[in-house]
Each structure stands twice: as structure tokens, then as C-alpha cells.
Amino acid sequence: MLPLQDLECPYCGETISLAIDDSAGAQAYVEDCQVCCRPIEVIVAPGADGRLSAIARTGDDA
């Protein structure tokens with residue numbers, strides 16, 4: 001079972017749960033918000049403790 005991480009949608013502000021594939025290492029992909037259906041860019045990277053964590057951003061964020 002993949003671990004879940006709660007993220008805030010950068011568009012509507014609702015909290016959504018995403019399954020993070022921790023066997024794939026660092027990754028970036030687009031997933032639609034489960035609430036407002038807008039495309040969220042999800043960035044998964046290792047944190048200081050070595051565990052993967054995800055951030056959500058719009059395609060316009062730099």
C-alpha cells in the first residue's frame with residue numbers, strides 16, 4: 001500500500017490526499033484536484049530526514 005500525504009490544493013485551498021510512490025524516488029507529475037478538478041503540479045523529493053515529501057503548486061508557480 002502506498003503512503004498517503006495530505007496536500008492543500010493551490011487553486012481551491014481544499015485538503016486532498018495523494019498516494020506517494022515512495023519506491024520511485026524524486027519525481028514530478030500532474031494530477032487533477034479531487035475537488036475542483038484543476039491540474040496540480042506535484043513535486044516529490046526527499047526531505048532532510050531522507051523521507052519523501054510532496055508539495056503541490058500551479059503550473060504558473062516558479
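In the predicted model, isoleucine 43 has isoleucine 55 of strand S5 as its bridge partner. This pair belongs to the contact between S4 and S5, two strands that run antiparallel and are joined by six bridges. The two strands also form a hairpin, with five residues between them. Within this hairpin, glycine 50 adopts a positive phi near 90°.

Strand S4, which covers residues 39-46, is paired with S3 as well, again in the antiparallel sense and over six bridges. In this second pairing, valine 30 lies opposite glutamate 41 of S4. Taken together, the three strands make up an open sheet with the order S3-S4-S5 and antiparallel pairing. In general, the strands of a sheet pair through backbone hydrogen bonds, in either a parallel or an antiparallel arrangement.

A further pairing involves strand S1 (residues 4-8) and strand S2 (residues 15-19), which are antiparallel and connected by five bridges. Aspartate 6 has serine 17 in S2 as its bridge partner. S1 and S2 form a hairpin in which six residues separate the strands. The turn of this hairpin contains glycine 13, whose phi is positive, at about 80°.

Considered as a whole, the protein contains five strands and zero helices. The pattern along the sequence is accordingly written β-β-β-β-β. The radius of gyration is 11 Å, close to the 11 Å given by the globule rule for 62 residues, so the protein is as compact as a globular protein of that length. Along the principal axes, the C-alpha atoms fill a box of roughly 30 × 30 × 15 Å. Buried residues account for 18% of the 62 residues. Among the contacts with a separation of 6 or more, 27% link residues 24 or more positions apart.

Two residues outside the strands illustrate contacts between separate parts of the sequence. Threonine 58 is located in the segment after S5. This threonine is buried, because its relative accessible area is 9%, under the 20% that marks a buried residue. Apart from neighbours within four places in sequence, threonine 58 is in contact with Pro10, Tyr11 and Glu41. Glu41 is also the residue of S4 that stands opposite valine 30.

Proline 3, by comparison, belongs to the segment before S1. Its relative accessibility of 34% places proline 3 in the partly exposed class. When residues up to four places away in sequence are not counted, proline 3 touches Leu18, Ala19, Ile20 and Asp22. Proline 3 and alanine 54 are 51 residues apart in sequence, and their C-alpha atoms are 11 Å apart in space.

The cysteines were examined for covalent links. A disulfide is a covalent bond between the sulfur atoms of two cysteines. The search of the whole structure finds zero disulfides. For cysteine 12, the closest cysteine sulfur is that of cysteine 9, at 3.7 Å, which is too far for a bond because a disulfide requires the sulfur atoms to be within 2.5 Å. Cysteine 12 is partly exposed, with a relative accessible area of 33%. The sulfur of cysteine 37 has its closest cysteine sulfur in cysteine 36, at a distance of 6.8 Å, and this too is too far for a bond. Cysteine 37 is situated in the loop between S3 and S4. With a relative accessible area of 53%, cysteine 37 is exposed. Its phi is near 70°, a positive value in a residue other than glycine.

Definitions and conventions: Residues are numbered from 1 along each chain as its sequence is written. This is a predicted model: local features need pLDDT of at least 70, side-chain atom pairs count only at pLDDT 80 or more; totals for chains, interfaces and linings use all residues. Side-chain values use heavy atoms; hydrogens and water are left out. Buried means under 20% relative accessible area, exposed over 50%, partly exposed in between (1.4 Å probe, protein chains only). Two strands pair if DSSP finds at least two bridges between them. Helices (H or I, at least four residues) and strands (E, at least two) are DSSP runs, numbered from the N terminus. The radius of gyration is taken over C-alpha atoms; the globule rule is 2.2 Å times the number of residues to the power 0.38. Contact means heavy atoms within 4.5 Å.
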